[in-house]
Protein chains: 8
Amino acid sequence: MGKVAILLGSESDKEVMKGCSDYLSHFGIESELKVSSAHRQPDETVAFVKNAEKNGFSIIIAAAGMAAHLPGVAASHTTIPVIGVPLTGSALNGVDALYAIVQMPAGIPVATVAIGSAGAKNAAILAAEILALHDTGLKERLLEFRKNGSRF
Amino acid sequence: MGKVAILLGSESDKEVMKGCSDYLSHFGIESELKVSSAHRQPDETVAFVKNAEKNGFSIIIAAAGMAAHLPGVAASHTTIPVIGVPLTGSALNGVDALYAIVQMPAGIPVATVAIGSAGAKNAAILAAEILALHDTGLKERLLEFRKNGSRF
Amino acid sequence: MGKVAILLGSESDKEVMKGCSDYLSHFGIESELKVSSAHRQPDETVAFVKNAEKNGFSIIIAAAGMAAHLPGVAASHTTIPVIGVPLTGSALNGVDALYAIVQMPAGIPVATVAIGSAGAKNAAILAAEILALHDTGLKERLLEFRKNGSRF
Amino acid sequence: MGKVAILLGSESDKEVMKGCSDYLSHFGIESELKVSSAHRQPDETVAFVKNAEKNGFSIIIAAAGMAAHLPGVAASHTTIPVIGVPLTGSALNGVDALYAIVQMPAGIPVATVAIGSAGAKNAAILAAEILALHDTGLKERLLEFRKNGSRF
Amino acid sequence: MGKVAILLGSESDKEVMKGCSDYLSHFGIESELKVSSAHRQPDETVAFVKNAEKNGFSIIIAAAGMAAHLPGVAASHTTIPVIGVPLTGSALNGVDALYAIVQMPAGIPVATVAIGSAGAKNAAILAAEILALHDTGLKERLLEFRKNGSRF
Amino acid sequence: MGKVAILLGSESDKEVMKGCSDYLSHFGIESELKVSSAHRQPDETVAFVKNAEKNGFSIIIAAAGMAAHLPGVAASHTTIPVIGVPLTGSALNGVDALYAIVQMPAGIPVATVAIGSAGAKNAAILAAEILALHDTGLKERLLEFRKNGSRF
Amino acid sequence: MGKVAILLGSESDKEVMKGCSDYLSHFGIESELKVSSAHRQPDETVAFVKNAEKNGFSIIIAAAGMAAHLPGVAASHTTIPVIGVPLTGSALNGVDALYAIVQMPAGIPVATVAIGSAGAKNAAILAAEILALHDTGLKERLLEFRKNGSRF
Amino acid sequence: MGKVAILLGSESDKEVMKGCSDYLSHFGIESELKVSSAHRQPDETVAFVKNAEKNGFSIIIAAAGMAAHLPGVAASHTTIPVIGVPLTGSALNGVDALYAIVQMPAGIPVATVAIGSAGAKNAAILAAEILALHDTGLKERLLEFRKNGSRF
């Protein structure tokens, strides 16, 4: 099974994204967390994304607030699925991040989930659904999770 | 390779979603289009979604406008990935559909793309990225597509 | 007089919806509260709604936050009136729930009230107004309530 | 069976509200249309609403655009259910009307439906659902309507 | 000099509107405060407004939150100037009140000021500007106020 | 009776503001129209406003679109009442102008009316209401106007 | 005097941005137009920006619609000023582009101007203001432009 | 090197704008802070701006909340670059200030940055980028700042 990269724009995003790591762990999915801003460390971010697939990642989950370019920048440098999590933390409370992530122009999709902690968890579950297409063990854990009311 | 189901809330959504079918065809992905409103044909919709996986579908792309429940209703009845496309056509011009699709509560994700025609195309490309994780031919077509500026 | 079902998407919605139960009690209307998420317990939710009328319910009050599909899902499976209460609790502070409830497409109405606690109370009063069309005792209590400044 | 009053703020609202009259007719519900602005004819409006119940009306459907006070003003002068339809026609395209109708303070509910033509039709269907609680013939027509995909 | 009526939709609006009374006092303008909801005490509200002019009021300042109909209802029953103050206190934080006050249809104006405490004070200053058109003493106090940086 | 100045930010605002002039004429109020942008002709605009009162103007009606500073700039240089009319014509369709006009900080009020043509007319009626406080002939025309449904 | 690069996300942005080129020409500022999407040609875009300064550009004007990452991506790869122009063309009519451009996190600024054609022109004037800090001829043309009402 | 003027609409804006001063100091840019409301001290504000260039200022950073006219008013009275910082502090939480600053009409640009503290810092960095076009020492500090992750 492929690994999932969790890419954060800022150290301060770690707390809300712990829900993501916890859900991935629950499903037995290996993940790595990387903090690298699309704006403040653009070369490092691009290099990480370009090498993600050959480094064994199947999916990138990218979370950011404000003018949240991280998911879109990631998506523009890879063809593995990129899941975007808009975060709060600005005066616009995440609407800015939502629009900056979901409104990608034709050609480069980002699979966008809800703003904040619900989105952090759902990014992990969506990753599990994608990986479970070719992993029967994971599929069973996913079905079990659903049977338990989609909580753990 | 798994098939993709394109689920529409209304006949009138077919035009904008043609971009989705065209892109899927371009990538050589088999798809079926089904019109079934979450609200006006709820039982038929639920039955279609519940049987989707065993009928050979790997991914559901669901598009709807207004209080767009179709993607979320689909996601609640399956564990294959559901991609949601918010459509315009109301006084709120798709913001209603966007919020009704992307703001799913923790537990049941919908992979949301942009409002309208850009989203219709990106839903297909996202489906291709997911399926290409285990399909090297598709992966090559995807890389070719990217090399050509993500247009065809 | 018919009973009123109060359907909640989550245990955490109980506090704000206590205003609804209290108002129904004040009017002498029998109610039952049921927690069943449209997304996490879709089959249970649908079953409850499909049987609501024959189980003696005349009205369903459904409250939910975020991509609040619960009222619309309920409305699609019954022909008794469904009253929808949008709740806060997300980054969008209830605007997402409002749009996801009120913007129902033609064919399946949801009677939407205000976001949050005002809506919780008004859902009960609206239910009383509906039931009072054929209940003179309730009508009198409603008129009394109005005379007292619509508060108790 | 009680009659339904359709109250409009302006002659120009008649076109979009024809959908409402047509649906009421389809269900065999008697209705009367009255144009009376909450702002330009306040006394006439109040008088009409105060007498509505004794004049045989069971439900008022009130439609207005901009700072749409008509449904709320109606609701404050009667205890029969008031259904509010927010209309477009301003620079804010109906969001102003939606907020002015749905955000009623605790005590005086308005059953709000979608902005514009979908809301016009759904107001009629909601009225049918309410009246069908004590009218088995109407209930049958409503069930038939549902069976036909909630269209006619 | 005419008096100013301060009309509030709810007791809870008194605190923010104290800024209004204080500014009126500073300018030596006589005012009376009246709490009367447009929705919960419609007849009392209408009676107060209809008699305002003959009771010596030259201006009505009306403040309300949510679906804030009070200023518009007042304006529809008098031809003295009505100043509307949108208040916060709902999930929409005053945007609902702003739209419900400022978007009055052609024919019945409400002079709308800012949401909340800034608007409460500015309503008083606007009243002073109107009354100063025919009161040289007030005009001087207004000019003095301006010279002091429009604060006191 | 004092005159009313109609101040426009741009020649292109004349068409929608014709409704304002027409209503003022109907009420027999003398007005002068001046085009002077707060941004492109700031000195000319300030000079006009500073001299408005001694040039016989009792009220300024200022209309502008986009970042509509004209009404606020006018209000900061005079103590006669300033009525602001937010105009459409930008991508934000007048919401930008509305916020830039109505949200004046404490100290300097602008009497804001609706966006666009309804606001243009209501600015004139509001001016009439203010001037009628000391003009019995105008008061009668205003009462007549109201009796005719606030239209002419 | 340094040149100005006009960077567009799409061929279709050329029309609205002609206003930008025209204004730059009017001021005698040399410019080059480059179409390169941040998402569809990320490497080409980054390479262009990284070399901009040594290729003689002093300022980059970047225009894009939807999830408009182009200005922010440019800003992250250079230390010359980047001016961002949000464009319409999506269901959200440019609000998405505005938020995606202006809400840059601390560290990497983008000088944002108005949505659409006004912004296209103002980007050129802002560039002229910046370059005129060290160019007396340009300063004179700018003062002349202002004297003529900031139009040409 | 030219100095930077930091112009604030209110004493209460000093706290959030300390980030701006600190960043300017870090870059070795001389700055002066001036509190002068566009509305409450219009003449003083205009006089300060008109003399800014000859008093040695190369750039004005203007910050304001609500109907934030300060940056636009400044821009209308000078041809040096004006950077606008929208501030929170109203019921609309800075969206009002953002629209009132960024949506300047064609002819008079304001270089707008993010709402609140991120914008305060980015205004300083943008000023540094502009001044570094002709200051190699500053350019080096800017490059050093970037190398350190655009933080200090």
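**View 1. Chain H and chain F as copies about an axis.** In this predicted model, chain H can be laid on chain F with an RMSD of 0.0 Å by a turn of 180 degrees and a shift of 0.0 Å along the axis, where copies are superposed by least squares on the C-alpha atoms of residues with pLDDT of at least 70 in both. The two copies are thus related as by a two-fold rotation axis. Of the residues of chain H, A100(H) comes closest to that rotation axis, its C-alpha lying at 2.4 Å. The same surface serves both copies, since 100% of the contact residues of chain H recur in chain F, contact meaning heavy atoms within 4.5 Å.

**View 2. The area buried between chain H and chain F.** The contact draws 25 residues from chain H and 25 residues from chain F. Together the two chains bury about 2,200 Å², of which 66% is on carbon and sulfur atoms; buried area is the accessible area (1.4 Å probe) that two parts lose on being put together, summed over both. On the side of chain H, the residues that lose the most area to chain F are H39(H), Y99(H) and Q103(H), which together make up 26% of what that side buries.

View 3. Between chain H and chain F the count is two salt bridges, each a side-chain nitrogen of Lys or Arg within 4 Å of a carboxyl oxygen of Asp or Glu. K50(H) forms a salt bridge with D43(F), and the closest N and O atoms of this pair are 2.7 Å apart. In chain H, α2 (42-52), α3 (70-76) and α4 (95-102) each supply at least two residues of the side that touches chain F, helices being DSSP runs (H or I, at least four residues) numbered from the N terminus. The most is given by α4(H), with four residues of that side.

**View 4. Chain B and chain A.** A rotation of 180 degrees with 0.0 Å of shift along its axis superposes chain B on chain A, with an RMSD of 0.0 Å. Here too the same surface serves both copies, as 100% of the contact residues of chain B recur in chain A.

**Notes to the views.** Residues are numbered from 1 along each chain as its sequence is written, and chains are lettered from A and ligands numbered from 1 in the order in which they are written. For this predicted model, local features need pLDDT of at least 70, side-chain atom pairs count only at pLDDT 80 or more, and totals for chains, interfaces and linings use all residues, while side-chain values use heavy atoms, with hydrogens and water left out.
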